[in-house]
Amino acid sequence: SRSRPCKVDAVSAKLQAVRGMNDVLPEEAALWRAFQALVEDWLERWGYRAIRMPLVENTTLFRRAIGEATDIVEKEMYSWRDELNAEELTLRPEGTASCVRAAIEHNLLYDGPKRLWYGGPMYRHERPQRGRYREFYQYGAEALGYAGPDVDAELIVMCARLWPELGLNGIRLELNSIGSAAERALHRAELIRHLQANEAQLDADARRRLQSNPLRVLDSKNPAVQEVAAKAPLLASYLGEASRAHFDGLKKLLAAAGVEFTINPRLVRGLDYYNLTVFEWISDALGAQGTVCGGGRYDGLFAQLGGKPASGAGFAMGCERLVALIKDSGNAPVARQPDAYVLHQGEGTLEYAFSVADALRAAGHPVVLHAGGGGFKSQMKKADASGAWVALIVGEDELRANQISAKPLRKAGEQQRIGRGRLVAEFAATLNRARS
């Protein structure tokens with residue numbers, strides 16, 4: 001006999017968030033909002049202007065920009081075919097390619113270079129763990145049309161100035177130059193020869209990358225592969241005069257700004273579009289997912305995507321990782337509490353309470369108006385639990401007198417009456433006393 005497929009009861013099935021895509025609940029959302037406000041203000045202070053790109057792009061954009069032999073394109077992208085329009089589409093796995101595509105499409109550099117920033121979710125199909133999720137948030141900054149090491153230095157220095165603003169310590173900078181495409185081609189040939197000579201010590205992943213993307217073999221976490229990588233020829237030995245001058249100029253500017261760094265000759269980053277400068281900001285407090293910000297220069301990307309040749313440099317920072325560091329540091333801001341909780345009971349008091357809450361909100365005060373019924377005792381419990389500084393009480397006596405009773409909730413103090421006609425001014429004075 002043939003068994004029948006088991007039917008899942010759609011009503012009883014437990015619904016949960018997609019693995020690796022997380023809810024941010026109200027308490028943590030307060031930290032996120034404070035973090036985002038600070039970061040966006042910081043980006044604007046450095047002269048970067050906001051740009052917003054769509055979450056969905058043509059798959060070809062990322063294949064062409066990031067590289068066919070990268071982990072992202074090979075196995076991490078969320079891609080599908082839109083049968084309605086016969087298009088291959090992808091949820092964006094990173095922001096630089098989208099930003100450069102937008103700059104080309106809208107001719108943003110027609111009147112000169114641009115400093116741009118963006119923020120929002122990215123998507124990669126990875127094994128979820130702390131600091132690595134399938135939906136993750138990034139802020140990115142892109143300096144388009146600037147060729148010199150000065151903008152590389154600016155991007156790095158601005159990050160160095162951000163960490164103290166976030167209350168973070170112990171984030172270190174690793175730096176390298178990967179030169180030009182021609183210089184990397186010379187190094188690649190020697191690197192392949194070295195890896196082939198030691199192929200017996202390579203794991204399956206490294207052997208697969210040996211021809212397609214040998215630089216990524218240097219990033220392997222396998223101890224046996226690391227031994228081979230440690231003896232591999234260094235890209236620095238193949239840098240020409242112009243590449244060395246660019247890197248030297250960058251190092252001088254960083255030294256002048258007091259930014260400490262370590263040169264990591266094995267640092268290559270995971271995307272094919274980089275050239276010259278690459279860098280990573282790393283925290284040892286996050287375990288394996290220690291890179292909180294990374295970037296570099298990508299001077300060939302405009303031409304690679306079909307635009308006029310133009311220089312580019314930028315970085316992206318992982319919001320989840322930085323938020324985790326802020327939480328661990330003990331510097332996380334608390335959620336803003338309401339200034340007042342408005343209670344009401346009796347005929348006609350709800351309408352009166354509505355007008356009180358509206359007037360205070362219009363004056364800039366966060367106010368919670370009680371909903372759901374209940375006596376004064378239960379309402380007072382909810383007022384206290386809300387974290388509000390003051391309970392504003394509207395009963396039938398207050399309604400008849402055109403007044404409101406104000407009771408401090410966070411410190412001892414007598415309940416007093418406030419006149420409705422002087423509500424805003426008298427409430428401000430009551431609030432100041434409750435907070436002092």
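1. Let's begin with Asn58, whose bridge partner in β4 is Leu89. Helices and strands here are DSSP runs numbered from the N terminus, with at least four residues (H or I) for a helix and at least two (E) for a strand. The strands β2 and β4 (residues 87-91) are antiparallel and share 3 bridges; two strands count as paired if DSSP finds at least two bridges between them.

2. Before you go on, keep in mind that this is a predicted model, in which local features need pLDDT of at least 70 and side-chain atom pairs count only at pLDDT 80 or more, while totals for chains, interfaces and linings use all residues. Residues are numbered from 1 along each chain as its sequence is written, and side-chain values use heavy atoms, with hydrogens and water left out.

3. Now look at the sheet around that pair. Its 3 strands are ordered β2-β4-β3, in an open sheet with antiparallel pairing. The edges are taken by β2 (56-58) and β3 (79-82); each has a single partner strand, so one side of each has no neighbour in the sheet. From one strand to the next, the twist averages 40°. Helix α2 (residues 59-66) packs on this sheet and touches β2, β3 and β4, with its direction at about 70° to that of β2. Contact means heavy atoms within 4.5 Å, and such angles run from 0 to 180 degrees between N-to-C directions, with axes fitted to C-alpha atoms (for helices, over the stretch in contact).

4. The other sheet to find has 8 strands in the order β1-β5-β6-β11-β10-β9-β7-β8; this sheet is open and its pairing is mixed. Here β1 (49-50) and β8 stand at the edges with a single partner strand each, so one side of each lacks a neighbour in the sheet. Helix α4 (residues 96-105) lies across β5 (114-123) and β6 (135-144), at about 45° to β6.

5. Of its 7 residues, 6 are buried, so β7 is largely enclosed by the rest of the structure. Buried means under 20% relative accessible area, exposed means over 50%, and partly exposed lies in between (1.4 Å probe, protein chains only). With β9, β7 pairs in the antiparallel sense over 7 bridges, and Ile171 stands opposite Ser283 of β9. With β8, β7 runs parallel, joined by 2 bridges; there Leu175 stands opposite Ile263.

6. Which residues of α9 are buried? They are Ser243, His246, Phe247, Leu250 and Leu254. These residues cover an arc of only 90° around the axis, which puts them on the same side of α9; the arc is that of the directions from the helix axis to the C-beta atoms. Among the elements covering the buried residues of α9 are α5 (149-165), β7 (171-177) and α6 (181-197). On the face turned away from the buried side, you will find the exposed residues Glu241, Ala242, Lys252, Ala255 and Ala256. After α9 comes Gly258, with a positive phi near 75°.

7. Lys382 is partly exposed, at a relative accessible area of 45%. Leaving aside residues up to four places away in sequence, Lys382 touches Tyr341 and His370.
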